[in-house]
Amino acid sequence: MNAPMGLRERKKQRTRETISDTAITLFLEHGFDQVSVVDIAALAEVSKPTLFKYFPTKEDLVVHRFADHQTVSSTVVAERPPGVSAIDALHQHFLDGLAARDPITGLNDDQGVLDFHHLVYSTPSLVARVSQYLAQAEETLARTLVDALDSDREITAALLAGQVIATERILASVNWQRIVAGRSAGEVYPEAVADADHAYALLRHGLAGVAPQK
């Protein structure tokens, strides 16, 4: 079990959350490019150097939420039960995320989550920062898969990690598109599960048999 945070750590966590929440509120109201770091620091009642101590870039004020998921896949693989393959563990974790309406799976119709998603993916600099986080998540997963796979070739782990991260990104994107089109998360859920099952079957067995070769 994790040890409880001390008073100093709790205060730092509250400050971090206050700064981020303030920034995201301003960005949603006025647009990312129209809000300055000085504006955010003033409203959050911290100095500009303090803000940058918690968030090195303006983009990190928003996309740090993606950073929180950066090591999740590698942790799922490293901590999977005995006898469970890496792919099976990752598959089940994604299905659990769908059931829990985890925003990272795209299956969440809360208006605040939808507004946040629109903010991120309508702002080029935020999209670029998210891509960096995904690349780092891929590298982290690849390192963990080296030990998990029955292979002495690091390229195998790197290829699988890239496929897993890309697969989950595409699954999430499709789910978001369905919800943005006006459907509820509950309505989309069965399709999202079927898509995830299909996608992970492809990761296990490849494209052989899906369509005839031309």
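## A cut-off to start with

A residue is called exposed when its relative accessible area is over 50%, buried when that area is under 20%, and partly exposed in between. Glu 45 is exposed because its relative accessible area is 71%, a value over the 50% cut-off. Glu 45 sits in the loop that joins helix 2 to helix 3. Its backbone also stands out: phi is positive, at about 60 degrees, although Glu 45 is not a glycine.

## Overall make-up

The model described here is predicted. Its secondary structure consists of 10 helices and 0 strands, so that the order of elements from the N terminus reads α-α-α-α-α-α-α-α-α-α. Along the principal axes, the C-alpha atoms fill a box of roughly 60 × 40 × 30 Å. Among contacts with a separation of 6 or more, 67% are between residues 24 or more positions apart.

The protein has 214 residues, and 39% of them count as buried. Its accessible surface is about 12,600 Å², and carbon and sulfur atoms hold 54% of that area. As for charge, there are 20 positive and 28 negative side chains. The centres of these two sets are 5 Å apart.

The largest nonpolar core contains 33 residues. Those that touch the most other members are Leu 98, Leu 107, Leu 141, Leu 145, Val 164 and Tyr 200. At least two residues of this core come from each of helix 5 (72-78), helix 6 (86-99), helix 7 (111-121), helix 8 (124-148), helix 9 (154-180) and helix 10 (185-205). Helix 9 gives the largest share, with 9 residues.

What does Val 164 touch, leaving aside its neighbours within four places in sequence? Val 164 is in contact with Ile 87, Leu 90, Leu 141, Tyr 200 and Leu 203. Two of these partners, Leu 141 and Tyr 200, are also on the list of core residues that touch the most other members.

Helix 4 spans residues 60-67 and is mostly covered, with 6 of its 8 residues buried. The buried ones are Asp 60, Leu 61, Val 62, Val 63, His 64 and Phe 66. They pack against helix 1 (7-30), helix 2 (37-44), helix 3 (48-54), helix 7 and helix 8.

Phe 55 belongs to the loop between helix 3 and helix 4. Is Phe 55 buried or exposed? Phe 55 is buried, because its relative accessibility is 1% and the cut-off is under 20%. Beyond its neighbours within four places in sequence, Phe 55 is in contact with Arg 16, Ile 19, Ser 20, Asp 60, Leu 61 and His 64. Asp 60, Leu 61 and His 64 are among the buried residues of helix 4. Ile 19 is 36 residues from Phe 55 along the chain, yet their C-alpha atoms are separated by 9.0 Å.

## Thr 140 in helix 8

Thr 140 is part of helix 8. At a relative accessible area of 16%, Thr 140 falls under the 20% cut-off and is therefore buried. A polar atom of its side chain lies 2.9 Å from the backbone oxygen of Gln 136. An α-helix has 3.6 residues a turn, so residues three or four places apart point the same way.

Which residues does Thr 140 contact once its neighbours within four places in sequence are left aside? They are Gln 70, Thr 71 and Ser 74.

## Two partly exposed arginines

Arg 101 lies in the loop between helix 6 and helix 7. Its phi is near 60 degrees, a positive value in a residue other than glycine. Arg 101 has 26% relative accessibility and so counts as partly exposed.

Arg 169 itself counts as partly exposed, at 46% relative accessibility. In sequence Arg 169 and Gly 106 are 63 residues apart. In space, the distance from one C-alpha to the other is 8.8 Å.

How values were computed
Residues numbered from 1 in each chain as written. Predicted model: local features only at pLDDT ≥ 70, side-chain atom pairs only at ≥ 80, totals over all residues. Heavy atoms only, no water. Helix = DSSP H or I, 4+ residues; strand = E, 2+ residues; numbered from the N terminus. Buried < 20%, exposed > 50% of the residue type's maximum accessible area, 1.4 Å probe, protein only. Contact = heavy atoms within 4.5 Å. Areas by Shrake-Rupley, 256 points an atom, 1.4 Å probe, with all protein chains shown as cover. Lys, Arg positive; Asp, Glu negative; His and termini not counted. Charge placed at Lys NZ, Arg CZ, Asp CG, Glu CD. Core = buried A, V, L, I, M, F, W, Y, C linked by side-chain atoms within 4.5 Å. Polar contact = N/O pair within 3.5 Å; in protein donor to acceptor, adjacent residues only side chain to side chain.
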